[in-house]
Amino acid sequence: MLFFAEAIYSKRMSSEQTMPTGDNTQRYAAFLRSPRIKDLCIMFSRITGLVIDIDGADGVPIASFYDRAAENPFCRKLKQERSGFAACAACTARAFAHIRKTSAPYVYRCDFGLTEIVIPILIGKQFVCALLTGQFFTRAADRLRASEIHRMLRNTGQSPTELISLYRKTRILSPDTTNAIIDFLTLIFQQVLGDFEEKISHYEHYQEHAPVGRAVSYLKANFHSTIRLTDIAAHAGVSKFYFTRLFKEAMGFSVFEYITILRMTKAKDLLHTRSVLDTCYDVGYSSLSFFTRAFKKANGITPGQFQREINKSR
């Protein structure tokens, strides 16, 4: 159980977490975008009236599944302006860095006094993803005065009067409710992702003796080439219709989604030393625009942006 503090809540847990690598990173990302997770998040949003975002272990956004009516109108309006969006992103980045160190849920108040929650989801010691929710008050005293909001919004281009009106409509949830939200999300996501990991581990353990295992080996060796479903099924030793269903049941996503996972994993490695165009062709794409769209969908940023981030960190 959590105990809500004056400014933030955090508790140091084991710091021996590991990051998912290679296929695991993209595999978890694909599953976290699946209809099963989408339905779960939307159900949570409708029950609680809260937003929920999912970020990968690397901090890159994976999905935002929630009832749009649940988004705090003050936050939505504030983030429409560049400086407001940047301030919110900076708060999230600091919170994410904190949970990477502590492996524990982190409750904090943003610059405007709204409560935000970041929850790390670990399977064993592997940091799989982070859940972000909040945009509420835990007590009326957390609300800023109108004069303080006016000062903070100075030179932003936003209308203080409109934003203050929206701000005052933000609801209050008790610390006990905050604790319950954290416990619920942690339990549900660890269970769902744990079941997913167990299923994948089972198939990988026996993959050399199963059609899916043969297909996975074939795809790992040939993902950079033009691949037809008929060829994959033939290599697996089953009909393409049976193979399509079998692969989806075993892996949690389609065979073509898995090909994309393999290509994106390799592309991220190549982009450290190769140009975007060369990487595009090396991982099996014949169209640069198609590669760029696929990369952005999988990673949240374009290949060029990814390379610039690499160069900044050197």
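When I say that two residues touch, or are in contact, I mean that they have heavy atoms within 4.5 Å. Please keep in mind that this is a predicted model, in which local features need pLDDT of at least 70 and side-chain atom pairs count only at pLDDT 80 or more, while totals for chains, interfaces and linings use all residues. Residues are numbered from 1 along each chain as its sequence is written, and side-chain values use heavy atoms, with hydrogens and water left out.

Leaving aside residues up to four places away in sequence, L219 touches I227, I232, F247, V255, Y258, I259 and L262. L219 and F189 have the most contacts inside the largest nonpolar core, which has 57 residues; such a core is a set of buried Ala, Val, Leu, Ile, Met, Phe, Trp, Tyr and Cys residues joined through side-chain atoms within 4.5 Å, where buried means under 20% relative accessible area, exposed over 50%, and partly exposed in between, with a 1.4 Å probe and protein chains only. Helix α7 (residues 175-205) gives the largest share of this core, eight residues, and helices here are DSSP runs of H or I with at least four residues, strands being runs of E with at least two, numbered from the N terminus. Another core, of 25 residues, lies apart from it and has L78, F127, I164 and L166 among its members.

Turning to the strands, β2 (residues 52-56) and β3 (residues 61-64) pair in the antiparallel sense over three bridges, pairing being called when DSSP finds at least two bridges between two strands. D53 has S64 in β3 as its bridge partner, and in the hairpin, with four residues between the strands, G59 takes a positive phi near 85°.
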